[in-house]
Amino acid sequence: MKKKNSYGPKRNQPGPSQPQQRVANISYTKGKKRDFGKVNGGVFVYTKPLTVGELSKAINVPVNEIIKYFFLQGKAVTINQTLDDDSIGEICLEFGYDFKKEKVVDAAHFEELEIIDDEANLCSRPPVVTIMGHVDHGKTTLIDYIRSSNVAEGEDGKITQRIGAYQKEVGGKKITFIDTPGHAAFTAMRARGASVTDIVVLVVAADDGVMPQTIEAINHAKAAGVPIIVAINKIDAPGANPRRVEEGLMAHDVISERYGGDAIVVEVSAKKGDGVEDLLEMILLQAEMLNLRANPARYAIGTVLESELDKGVGPKATLLVQNGTLTASDYVVVGEAYGKIRRMTNEYNEVVKSAGPSTPVSVIGLSAVPSAGDRFMAFPTEREAREVAEKRALEKKAATRLGSAAMTLGDLNSLITAGQVKDINVIVKADLDGTAQALKANLEKFSNDEVKVHVLAASAGAISDSDILLAEASHAIIFGFNVRPDARVRAMAEEKGIEIHLHKIIYELLDEMEAALNGLTTKAKVEKVLGQAEIRQIYKVSKVGVVGGCYVTSGCLKRDCKVRLLRDGVVIYEGKLGSLKRFKEDAKEVKEGYECGLTIEGYNDIKEGDIVEGYEMVEEGK
């Protein structure tokens, strides 16, 4: 499919231009692929590996001169030998050219484009804000207060519709708020490559302080690389202590300006509205510092916030325009769907004709229901939109067959050697916070000139679905020390291709990481989890000990298998099943969905709610 170098002007309106697109030192261009590079102004630009003969022709240097240069460097090359990027760079510098590699990007991969527009076309855009925080800290109350105050300023009858996002105007400037159910949705969206948030507002209750979900929200915001504004809520509640909140946040590298840091902290009462206007002003101040700009005079590109199949109108999606202007009747590709916009509405369900940067709108007219986090882009014609959507659908189908591209320890060394990995993201969960911090410090010592190990989160507690989402979004590996995921979390990790490495000896965990970095992983046996059962009743039987009345929640338990006892996701004891019975009869195994009674050999300290996990060691690959 031939592509134009720019999208032509629309009828009766200025033509949105297709700007030059660059990422780092690799520039992304559209148009016809070139067989050879082009020397322009002393810079040799190429798009693919070249043979000695092709490079000779491209830069007008005789083949024998290139072969002679390599011979003097102790390298024997022939005219048909393909050169790598380093060798091409050497030759260019030797013969007086600068060099640059361009990567030709198909329109089907528009989410890979990092667009740099002409400065003359750039305008200030509203910041996009996500409010996050621990449950019951007032996040929803704050969102409701901001939203209702926004409606109160409007005309009668403007009832806000839940379309996933809304805008608030402060002093003539707009702020776009993304209404998500929390950091799980925020991270799931980012896992699909959608970086939609400019600022995170972290809500922390003044009477409760920093809690587990507060820490998770901080980790997710840091992984996304967005600034955090802290809203200390419930300042009018009994026992409120804002200073304690600020000191608690310091342990997680969120340091307020009061203590010499750069985190903006605002004290608010979401219920009464005290301090909310100050918070909105601080958001605008942070946005000004970020210098958020976009080009409204181009075809729109952005992200799906939410979607549904409406029985009355068909596929419906809430889109956040991030650059350009989306107009009614545009042809758009959304994920693998496409279509002509038949109707576009704002948060008040009013029909609008256009939506500029940072504006959320609800649209109908798509061929299928997209997923939250999918990217969208507008195209000049229906044919082009259809062809791009079809190609994206085929590529997604092929990628699904190939499986997940998540980071694995097994291929870590080969990826580093190939230059495909510069940063290794790790999540550490342990039974004790001190152990987690010690593991974090030791893992980060593996960083060197070639690769840097980033421990995104290190904390005490069971491995949760939030950890899986963070690992998916950040291509991270999870290490667990004396903790276990439950069956649901394990299934979620397997579905998303996230590796969880579990250990009970610190040096074995560190040795595994070191071996992976050096390409020396040779584990002969691996652990296979057979199943889990929840203890629901306790019986004390003379001459037998404590018997647990259980319900098998996943897999199966086998007689004489190895087991570990989990309490709140933390390993309490490891041993062997002493007995396994169905009613009064000995059982060889008990499968998921059935009840059983069991004892753990040599151990009686079991409680209701504990989890018994059965496992066995098997040869790798079985």
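The model is predicted, with pLDDT of at least 70 required for local features and 80 or more for side-chain atom pairs, whereas totals for chains, interfaces and linings use all residues. Residues are numbered from 1 along each chain as its sequence is written, and side-chain values use heavy atoms, with hydrogens and water left out.

The protein has 14 helices and 35 strands, taken as DSSP runs (H or I of at least four residues for helices, E of at least two for strands) and numbered from the N terminus. Of its 622 residues, 47% count as buried; buried means under 20% relative accessible area, exposed over 50%, and partly exposed in between (1.4 Å probe, protein chains only). Among contacts with a separation of 6 or more, 72% come from residues 24 or more positions apart, a contact being heavy atoms within 4.5 Å.

Helix 2 (residues 63-72) and helix 3 (residues 85-94) pack with their axes 11 Å apart, at an angle of about 110°; axes are lines fitted to C-alpha atoms, for helices over the stretch in contact, and angles run from 0 to 180 degrees between N-to-C directions. The two helices are therefore roughly perpendicular to each other, on a scale where angles under 35 degrees are roughly parallel, over 145 roughly antiparallel, 65 to 115 roughly perpendicular and the rest oblique. Ile-66, Tyr-69 and Phe-70 in helix 2 meet Ser-87, Glu-90, Ile-91 and Glu-94 in helix 3. The buried residues of helix 3 are Ser-87, Ile-88, Gly-89, Ile-91 and Cys-92, and Gly-96, with a positive phi near 90°, follows the helix.

Lys-101 lies in strand 7 (residues 98-104) and Asp-85 in helix 3, so the pair ties together parts that are 16 residues apart in sequence. The whole structure holds 21 salt bridges. One of them joins Glu-387 to Arg-383, with the closest N and O atoms 3.2 Å apart. Both residues lie in helix 9 (residues 382-402), 4 residues apart, about one turn of the helix. Arg-383 is exposed, at 56% relative accessible area, whereas Glu-387 is partly exposed at 25%.

Most residues other than glycine have a negative phi. Lys-234, however, has a positive phi of about 60° and lies in the loop between strand 13 (228-233) and helix 7 (242-250). Asn-349 has a phi near 65° and sits in the loop between strand 20 (337-345) and strand 21 (354-355). Both count as partly exposed, Lys-234 at 27% relative accessibility and Asn-349 at 46%.

Notes. A salt bridge is a side-chain nitrogen of Lys or Arg within 4 Å of a carboxyl oxygen of Asp or Glu.
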